Amino acid sequence: MFGRLAHRSGRPLTSLFRLLVISNHLSANYRQGDLEFIYRLQHTEMSADLKYLGQEEAQNIDQELFNEYQFSVDQLMELAGLSCAVAIARSYPHEKLKGSNSSVLVCAGPGNNGGDGLVCARHLKLFGYMPSIFYPKRSSKPLFQGLVTQCTSMDIPFIPELPSSESISRSYGIVVDALFGFSFKGEVRAPFGDVLETLKGLTVPICSIDVPSGWHVEDGNPEGLQPDFLISLTAPKKCARLFRGRYHYLGGRFVPQSLADKYQLNLPVYPGTDCVVPLTIKD
């Protein structure tokens, strides 16, 4: 329907998408297939303009969010983790998981990416999934201790040892990779080298947060993890161009327009009140 409408009206497809978003509150009667069609058209039209960030530029944007716009770390972490959980639930609804297995293993690292994973686990629990968390190198910062307390109080178990690849693939429907984010550089240190080798042997989908762990933020890693799902936060990083999985989302609907304009991010329109927008869907 929308393809014919675009042809007849002569309007750009992104303009039609904006009209759809604006009118969303007026009518919920459009077909889901039409909405998914528009998502794909929006991605096709905007992918050439969407900015992919290098490590230094991503760090600069983060610092501006904290210093110039006075966001706090826990604010952005909550928004990012919620975005991750929403995108995962859309990509892997309960009925699509292997054997209807709603068990999720969240592998959390010691930094902010790990914090995003802890928040994601909490929201997945609220969405009806059964998360467990592997958090081998816990931070002593009060923010992270609070996240652990929140998860524990919601009966989310922390497992002390990472099972084998075969055991994880039998026991869990998906695995969330929240080990390292865009600030990571250098060699992977213990115990995370062994963790990554275990994750590479999985037969269930891996969902990476912002950057697949072990990848160079700009150059990727063809020998590293090959996740089925990636959610880019704030804006995609350069390595995301090398992502070959089925689901790529953008999340973190918190970027002020003035900041997006300054860095020429050319972010896509978030539909309605959604906190995520699909960039690639290969179902």
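This briefing covers the core, strands, ring contacts and selected loop residues of one predicted model.

Local features need pLDDT of at least 70, side-chain atom pairs count only at pLDDT 80 or more, and totals for chains, interfaces and linings use all residues. Residues are numbered from 1 along each chain as its sequence is written, and side-chain values use heavy atoms, with hydrogens and water left out. The largest nonpolar core holds 38 residues. A search of the whole structure finds five aromatic pairs.

**Nonpolar core**

- A nonpolar core is a set of buried Ala, Val, Leu, Ile, Met, Phe, Trp, Tyr and Cys residues joined through side-chain atoms within 4.5 Å. Buried means under 20% relative accessible area, exposed over 50%, and partly exposed in between (1.4 Å probe, protein chains only).
- In the largest core of 38 residues, those with the most contacts inside it are I88, Y92, L118, I133, Y135, F229 and I231.
- Two or more residues each come from α5 (73–91), β1 (103–108), α6 (112–126), α7 (142–153), β3 (174–178), β4, β5 and β6 (247–251). Helices (H or I, at least four residues) and strands (E, at least two) are DSSP runs, numbered from the N terminus.
- α5 gives the most to this core, with seven residues.
- Y135 touches A108, G109, L118, F144, V148 and F158, leaving aside neighbours within four places in sequence. Contact means heavy atoms within 4.5 Å.

**Strands around β4**

- β3 and β4 run parallel and are joined by three bridges. Two strands pair if DSSP finds at least two bridges between them.
- V176 has C207 of β4 as its bridge partner.
- β4 and β5 also run parallel, again with three bridges.
- I209 has I231 of β5 as its bridge partner.
- Both faces of β4 are covered. I206 and S208 are buried on one side, C207 and I209 on the other.

**Aromatic pairs**

- Rings of Phe, Tyr and Trp (its six-membered ring) pair if their centres lie within 6.5 Å; planes under 30 degrees apart count as stacked, over 60 as edge-to-face and the rest as tilted.
- Of the five aromatic pairs found in the whole structure, one is F71 with F254. Their ring centres are 6.5 Å apart and their planes are at 55°, so the pair is tilted.
- This pair links distant parts of the chain, 183 residues apart. F71 is in the loop between α4 (55–67) and α5, and F254 is in the loop between β6 and α10 (257–262).
- F71 and F254 are both buried.
- Y92 and F229 also form a tilted pair, 6.1 Å centre to centre with 50° between the planes.
- Y92 is in the loop between α5 and β1, while F229 is in strand β5, 137 residues apart.
- Y92 and F229 are both buried.
- Ring pairs link Y92, F229, Y247 and Y249 into a cluster.

**Charges over rings**

- A charge sits over a ring if NZ of Lys or CZ of Arg is within 6 Å of the ring centre and within 35 degrees of the ring normal.
- The charged end of R138 sits over the ring of F158, 4.7 Å from its centre.
- R241 lies over the face of Y52, 4.0 Å from the ring centre.

**Loop between β4 and β5**

- S213 lies in the loop between β4 (206–209) and β5 (229–233). S213 counts as buried, at 1% relative accessibility.
- The S213 side chain reaches the backbone nitrogen of F180 at 3.1 Å. That is a polar contact: a pair of N or O atoms within 3.5 Å; within protein, one must be able to donate a hydrogen and the other to accept it, and residues adjacent in sequence count only if both atoms are side-chain atoms.
- Beyond neighbours within four places in sequence, S213 is in contact with D177, L179, F180, L196 and L225.
- D210 is in the loop between β4 and β5. D210 has a phi near 70°, a positive value in a residue other than glycine.
- D210 is buried, with a relative accessible area of 5%.

**Other loop residues**

- T234 is in the loop between β5 and β6. T234 is not a glycine, yet has a positive phi of about 70°.
- T234 counts as buried, at 9% relative accessibility.
- L265 is in the loop between α10 and β7 (276–281). L265 counts as buried, at 0% relative accessibility.
- L265 and A235 are 30 residues apart in sequence and 7.1 Å apart in space, C-alpha to C-alpha.
- Leaving aside neighbours within four places in sequence, L265 is in contact with D49, L50, K51, L53, I61, A235, V255 and A260.
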